[in-house]
Amino acid sequence: MTTLPELAARRCYGVVNPIHSAIYFSPDFGEELAELGLKDSTAGYFIGRAAPLGRVCAGTVTATFFNFNHELIARHIPAAWDVVSPEAALEARLRAADSVLRRVLGEEVIASKEVAEAAELALRATEACTRQARPLYAAHADLPVPDAPHLALWHAATLLREHRGDGHLMTLVGAGLDPVEALASHTATGQGMSTKWILRTRGFSAEEWEAGRQRLRDRGVLTADNELTEAGERLRKDLEAETDRLDAAPYEHLGAEGVARLTELATALSTTARENGAFPADLRGKD
């Protein structure tokens, strides 16, 4: 039984996560990797997020990332490790996180007591995260906490992101959704990644995307014009509720007052980042 106000944990996660994910929409990490000899920027996402796992094969990345085409991953992994080792990738990723946050938040914010407080609260929340059945979280949890407050905050946001993400994959598999179906049903909510960005980044063809939508229509999740049916809305609501349940521990540990304060601080930070161009304007949407 939760002691937090309804949806408080999900709201907190929703404003903390952008502090981590801004790195994926900036050129900084790709430029860092290019300096190390990796010229294909498409590999950057896979290298950066998988590096804590070590020199893993493509199958491991597909399993832990879930919603990418395996063929896309296999074009880059494991060959990319011959150019950039996991250790070098982690160092480059942290340098990129530093430069991204300095740009989208500004030096004054980076040096503020609010960032230090947010880092302290987010790290405290991660004390209650669990490694079991959470491979991406567990691998990231073995990394050291950076000394600089803004990077400590970025690290904590990463841990909270991967902890929730690992749990969310459990719910998707339990609901019988494959990667395309999971993406398409989320896009239909209007809160997920737009079709344009999915086709650009996930490695699925337009034909595979449409076939996934058809499977959802056959299942009664989508209407003929790709809107969620009543059953589809219930499915997505249940998925998020179960993800909340699996991800409750860090926020319960932080407590209602801590969650409210972290939400307040992270809202201001993520809003500033968005206003400073951290994310594409067309990233989310039904189309």
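1. Cys12 is buried, at a relative accessible area of 0%, where buried means under 20% relative accessible area, exposed over 50% and partly exposed in between (1.4 Å probe, protein chains only). Cys57, by contrast, is partly exposed at 42%. A disulfide is taken here as a pair of cysteine sulfur atoms within 2.5 Å, and by that rule the count is zero. Cys12 is in no disulfide, and the nearest cysteine sulfur, that of Cys129, sits 12 Å away. As a reminder, a disulfide is a covalent bond between the sulfur atoms of two cysteines.

2. A word on the source before going on. This is a predicted model, in which local features need pLDDT of at least 70 and side-chain atom pairs count only at pLDDT 80 or more, while totals for chains, interfaces and linings use all residues. Residues are numbered from 1 along each chain as its sequence is written, and side-chain values use heavy atoms, with hydrogens and water left out.

3. Which residue is buried yet has no salt bridge? That residue is Arg202, and the nearest side chain of opposite charge, Glu162, is 11 Å away. For charge, Lys and Arg count as positive and Asp and Glu as negative, with His and the chain ends not counted. A salt bridge is a side-chain nitrogen of Lys or Arg within 4 Å of a carboxyl oxygen of Asp or Glu.

4. Please look at the surroundings of Arg202 too. Arg202 lies in the loop between α12 (195-201) and α13 (206-218); helices (H or I, at least four residues) and strands (E, at least two) are DSSP runs, numbered from the N terminus. The side chains of Arg202 and Thr201 are joined by a polar contact of 3.2 Å. A polar contact is a pair of N or O atoms within 3.5 Å; within protein, one must be able to donate a hydrogen and the other to accept it, and residues adjacent in sequence count only if both atoms are side-chain atoms. Leaving aside residues up to four places away in sequence, Arg202 touches Asn67, Phe68, Asn69, Leu72, Leu183 and Met193, contact meaning heavy atoms within 4.5 Å.

5. Glu162 does have a partner: a salt bridge of 2.9 Å (N to O) joins the side chains of Arg49 and Glu162. This pair links distant parts of the chain, with Arg49 in helix α3 (residues 44-50) and Glu162 in helix α10 (residues 149-174), 113 residues apart. Arg49 is buried at 10% relative accessible area, and Glu162 is buried at 1%.

6. The structure holds 22 salt bridges. In another of them, Asp244 pairs with Arg164, the closest N and O atoms being 2.7 Å apart. Here again distant parts of the chain are linked: Asp244 is in helix α14 (residues 230-246) and Arg164 in helix α10, 80 residues apart. Asp244 is buried at 17%, as is Arg164 at 6%. A network of salt bridges links Arg10, Arg164, Arg236, Glu240, Asp244 and Asp247.

7. Glu107 has 45% relative accessibility and Arg102 has 31%.

8. Helix α8 (residues 113-126) has 14 residues and reaches 20 Å from its first C-alpha to its last, close to the 20 Å expected at 1.5 Å a residue; the expected span is 1.5 Å times one less than the number of residues. Its buried residues are Val115, Ala118, Ala119, Leu121, Ala122, Ala125 and Thr126. An α-helix has 3.6 residues a turn, so residues three or four places apart point the same way. The cover over the buried residues of α8 includes α7 (107-110), α9 (135-141), α10 and α15 (249-275).

9. Finally, some backbone details. Most residues other than glycine have a negative phi, and most peptide bonds are trans. The peptide bond from Ile77 to Pro78 is cis, with omega near 10°, and Pro78 lies in the loop between α5 (70-74) and α6 (86-105). Leu7, in the segment before α1 (8-21), has a positive phi near 65° and is partly exposed at 39%. Phe66 also has a positive phi, about 75°; Phe66 is found in the loop between α4 (58-65) and α5 and is buried at 12%.
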